[in-house]
Amino acid sequence: MPALSRLLPDWLRGYRRGWLTGDITAGVVVTLLLVPQSLAYALLAGLPVEAGLYASVAPLLVYAFIGRSPAQSVGPMALTSLLTAATLSRFADAGATDYLVLAVWLALLSGLMLLAMGLARLGFIADLLSEPVLAAFTTASALLIILSQLAPLSGLHNPGNSLPQWLVGMWHQPVSWQPAALLVGLLALAWLLLVRRWGSSLLQRLGLSADTAGILVRTAPVLAMLAGILLLPTSLQVPVVGPVPAGLPRLVLPAIGLEQLADLALPAFFIALINYLQSLSVAQLLAARTQDSVDPDRELVALGLCNIASGLVGGFPVTGGLSRSVVNAEAGARSQLASLLTAAGMLLVMCLATSALEHLPLPVLAATIIAALLAMLDIGSLRRAWLTERADAVAWLLTFALVLLLGVDSGIMAGVLVSLATLLWRSSRPHIAELGRLPGTHHFRNCQRHAVETLPGVLLLRVDESLYFGNARQVGTILLQRAGQTPHVRQLVLVMSAVNRVDTTALSMLERLDQRLQQAGVRLHLSEIKGPVADILQRSGLGQRFAGRVHLSTQAAWQSLAGLPDYHI
């Protein structure tokens with residue numbers, strides 16, 4: 001028994017009877033929410049609706065035993081579905097056999113990449129996208145998804161995966177609006193938006209608690225789905241889901257050529273990156289509510305195995321869903337048992353209710369996606385970026401425009417490049433402050449911000465950035481300019497308290513800077529060098545060059561240059 005106990009997940013070994021009611025409630029509520037979502041996101045990915053059902057079950061089972069977040073709900077998501085469609089549409093037509101095969105291998109490849117990164121403890125890879133860039137990417141992607149759903153909402157065909165393709169496609173597409181489809185879609189969309197806006201307050205006036213009212217409001221898509229199935233007359237000829245295979249998913253591993261795998265490798269990596277960022281952010285949000293911690297590497301492993309499981313049963317890439325996970329937590333989920341119950345509920349639907357799903361109107365599913373995505377249009381993130389850091393705002397606008405113009409799949413690469421370019425641009429232009437001493441103290445502050453005292457002929461400059469190839473030339477140029485612009489300078493003290501590292505290019509810059517300052521009659525000093533940087537200076541030979549001009553502190557340099565006792569080291 002002790003050996004068997006060690007094989008069980010932590011939540012199951014320490015399960016408490018008091019959690020059961022909340023887990024059961026959450027399992028039922030999330031099942032009701034997941035059924036329409038799984039169908040809608042499969043269609044958004046260009047796949048049969050049963051692929052969404054399959055991709056909803058297997059990941060829930062895997063995460064329940066591997067993942068650590070008790071309320072995390074892993075499954076299809078709108079952004080992941082759009083990425084899947086944008087990737088696969090370049091290689092095959094939606095609905096074709098090759099398209100389904102590629103979807104399976106896209107999930108498998110992204111899962112294997114996530115698993116490998118988790119085993120290699122590469123959780124820091126989430127830092128490849130800055131928050132403003134990620135917000136812009138999400139907002140632009142949500143806008144593209146909404147535009148793509150205007151077609152099924154009105155009975156038309158989706159004209160493209162980017163804004164130019166959508167505009168051209170809508171311009172050339174024959175006007176063949178289906179009034180019945182448009183009416184059903186608009187009614188469903190109005191219902192979802194009205195319930196979201198006023199449903200909770202209305203239910204609370206009827207005596208329900210805020211938590212219960214919030215949970216019921218989240219199940220509004222289920223009511224829209226049931227209304228579409230039960231109340232819509234067949235005479236209206238509104239497009240419907242069509243036949244849905246009944247029964248449990250089967251293990252699949254379709255054959256694929258090496259050339260096709262190579263084509264999928266880069267898209268699979270970026271899908272894995274976005275999925276990980278989404279899943280990790282959801283896990284961190286849930287953990288913050290309960291004051292728990294999140295292991296990014298463990299989340300990588302769990303999400304990787306979830307994607308592998310989704311691919312093996314005929315699904316497509318999956319990630320942690322924010323709306324479902326929040327509903328799961330608010331409904332009372334205290335352990336992964338809630339996810340197991342949700343998976344059981346989805347299996348029952350697949351076995352017993354597929355005949356009813358055949359009559360579900362496609363405009364209702366489109367309205368479900370649009371209503372969910374409207375909340376992701378985060379234009380406020382641009383305003384926050386503009387008020388705090390203009391470079392972040394420029395990165396936001398650039399990423400937003402590139403995603404709309406190039407599409408989501410190319411937009412991911414653009415977002416990563418914009419994030420890295422923003423980082424390089426900032427560090428290549430570091431802040432350099434001229435320092436002076438606060439009277440009567442040993443503290444040195446920026447001359448432009450504080451009333452300080454200075455020494456005649458002495459210039460103290462502090463570089464607020466590590467020195468490396470990206471900023472070495474810029475820093476050297478600025479230091480020479482400052483020395484030349486300051487009258488009667490004979491001593492320049494470079495304060496390196498903010499320099500955490502230097503590379504070979506920076507060392508060469510310091511050597512050339514010392515030579516040029518000597519030619520101008522200025523002596524260069526270094527102060528407040530951190531231990532690792534000092535070690536590099538010694539190994540490179542610069543320690544000997546600056547012998548007698550390296551100071552333990554800026555105060556020591558001040559006293560030495562003021563003619564007081566020498567504090568050289």
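Reader: Where in the protein is confidence lowest, and where is it highest?

Author: Confidence here is pLDDT, the predictor's score for each residue, from 0 to 100. The mean is lowest in helix 1 (residues 2–7), at 55, and highest in helix 6, at 94. Helices (H or I, at least four residues) and strands (E, at least two) are DSSP runs, numbered from the N terminus. The mean pLDDT of the protein is 85, and 94% of its residues reach 70 or more. Over residues 564–569 the pLDDT is below 50, yet this stretch has 15 contacts in the model beyond near neighbours in sequence. Contact means heavy atoms within 4.5 Å.

Reader: What are the ground rules?

Author: This is a predicted model, where local features need pLDDT of at least 70 and side-chain atom pairs count only at 80 or more, while totals for chains, interfaces and linings use all residues. Residues are numbered from 1 along each chain as its sequence is written, and side-chain values use heavy atoms, with hydrogens and water left out.

Reader: How many residues has the largest nonpolar core?

Author: In soluble globular proteins, nonpolar side chains tend to be buried together. A nonpolar core is a set of buried Ala, Val, Leu, Ile, Met, Phe, Trp, Tyr and Cys residues joined through side-chain atoms within 4.5 Å. Buried means under 20% relative accessible area, exposed over 50%, partly exposed in between (1.4 Å probe, protein chains only). The largest core here has 108 residues. Helix 6 (residues 97–119) gives the most to this core, with 12 residues. A second, separate core has 31 residues, including Val499 and Leu524.

Reader: Is Leu88 buried or exposed?

Author: Leu88 counts as buried because its relative accessibility is 0%. Leu88 lies in helix 5 (residues 78–88). Beyond four places in sequence, Leu88 touches Tyr99, Leu102, Ala103, Leu106 and Leu264. The C-alpha atoms of Leu88 and Leu100 are 9.0 Å apart.

Reader: Which residues of helix 14 are buried?

Author: In helix 14 (residues 322–330), they are Arg324, Ser325, Val326, Val327 and Asn328. Among the elements they pack against are helix 3, strand 1 (74–75) and helix 12 (258–290). After helix 14 comes Gly332, with a positive phi near 115°.

Reader: Why does Leu32 count as partly exposed?

Author: Leu32 counts as partly exposed because its relative accessibility is 37%. Leu32 sits in helix 3. Beyond four places in sequence, another residue, Leu39, is in contact with Val49, Leu53, Leu357, Leu360 and Leu365. Leu39 is also among the residues with the most contacts inside the largest core.
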